[in-house]
Amino acid sequence: MSDLFGQGGGRQGGGRGSLGSLDPRIRVLAAPAFALVILSLSSLSALSAGVGMALLLLFQSGLPPLRTLKRMVMMDSFIIFMLVLLPFTLPGEPVFSLFGLSASREGLMRTAEIGLKANAVVLALMALVGGMDPTTLGHALARLKVPATLVHLLLFTVRYIDVIQDEYARMRAAMKCRGFRPSNSRHTYRTFGYLIGMLLVRSLERSERILEAMKCRGFTGRFVLLDRFAFRLRDALFALGFGVLLFVLILWELHLVPL
């Protein structure tokens, strides 16, 4: 229990770049602030500047750029069909036709707006929070007064997801040893239903044993967080600079700054 809740709240928030040396609480607060500002924008020029700001955060985070951008492509694959169909379904001034369907200027603008917003928010989220150790994230959320139940759920999930995965792997190996081969049949669907059911039952039994063991060690429903977070000058400078950039984006949206 101590390795999960007592030693994960160090000063470093994860990542090899300059963002990794910041107070994790600042990074956690910066992520939703950036998302709220980006989602409130509609100007393509301001949104493009937001994407540039997210890319700057990515380079400062120390995350591998190529691998991170590959993850971005995977995210885009979930919305690519919506983006492709939107110009042909949103009414407006026709721009071109394809297979008898007219694409509107308003649809193309809305497609670009959604694409820029999605990529900017996800890039910033990965840069600010994605490179952070999950336990450190849990400590930061607890220090920000997030409900303890949610923090405990996050920390327990991080701790025991591999245990459940190992249990699933053992059950699948046992099925293979008994000659089970999956196919498109009723027997296969019923077998996988039994597998999921047994996995839930064993997870429940393990959770009860863990709870009894924790109670034997004096657990009263509250964990003591042994972190070493400290708000320093570099954190203040980052917060000030980040806030100024977000304010500039808002002014850009309102056409109060020169383009």
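Helices here are DSSP runs of H or I with at least four residues, strands are runs of E with at least two, and both are numbered from the N terminus. With that in hand, helix 7 (148-177) and helix 8 (186-216) each supply at least two residues to the lining of the largest pocket. Keep in mind that this is a predicted model, where local features need pLDDT of at least 70 and side-chain atom pairs count only at pLDDT 80 or more, while totals for chains, interfaces and linings use all residues. Residues are numbered from 1 along each chain as its sequence is written, and side-chain values use heavy atoms, with hydrogens and water left out.

**The largest pocket**

- A pocket, on a 1 Å grid over the protein atoms alone, is an open set of points with protein on both sides within 12 Å along at least five of seven lines, and lining residues have an atom within 4 Å of a point.
- The largest pocket comes out at about 350 Å³, a volume being the space filled by probe spheres set on the grid points, which are joined across faces, edges and corners.
- Its lining runs to 18 residues, and Y160, I164, S203, S207 and I210 lie nearest the centre.
- Sorted by class, that lining has 10 nonpolar, four polar and four charged residues (Ala, Val, Leu, Ile, Met, Phe, Trp, Tyr, Cys and Pro count as nonpolar, Asp, Glu, Lys and Arg as charged, and the others, Gly among them, as polar).

**Salt bridges**

- A salt bridge here is a side-chain nitrogen of Lys or Arg within 4 Å of a carboxyl oxygen of Asp or Glu, and the count by this rule is six.
- E167 and R202 pair up through their side chains at 2.7 Å, N to O. E167 sits in helix 7 and R202 in helix 8, so this pair ties together parts that are 35 residues apart in sequence.
- For burial, the cut-offs are under 20% relative accessible area for buried, over 50% for exposed, and partly exposed in between (1.4 Å probe, protein chains only). E167 is buried at 9%, while R202 is partly exposed at 35%.
- There's a network too: salt bridges link E167, R170, R202 and R206.
- D23 bridges to R25, with the closest N and O atoms 2.6 Å apart. D23 is buried at 1% relative accessibility, whereas R25 is partly exposed at 21%.
- K117 and E113 make a salt bridge at 3.0 Å, N to O. Both lie in helix 5, four residues apart, or about one turn of the helix, and both are buried.

**Along helix 5**

- R105 belongs to helix 5, which covers residues 105-130, and R105 is partly exposed at 44% relative accessibility.
- R105 and V146 are 41 residues apart in sequence, and 43 Å apart in space, C-alpha to C-alpha.
- V122 is in helix 5 as well, and is partly exposed at 24%.
- V122 and V51 are 71 residues apart along the chain, with 9.8 Å between their C-alpha atoms.

**A nonpolar surface patch**

- V95 lies in strand 1 and is partly exposed at 40%.

Conventions
On a 1 Å grid over the protein atoms alone, a cavity is a set of points where a 1.4 Å probe fits but cannot get out, and a pocket is an open set with protein on both sides within 12 Å along at least five of seven lines; lining residues have an atom within 4 Å of a point.
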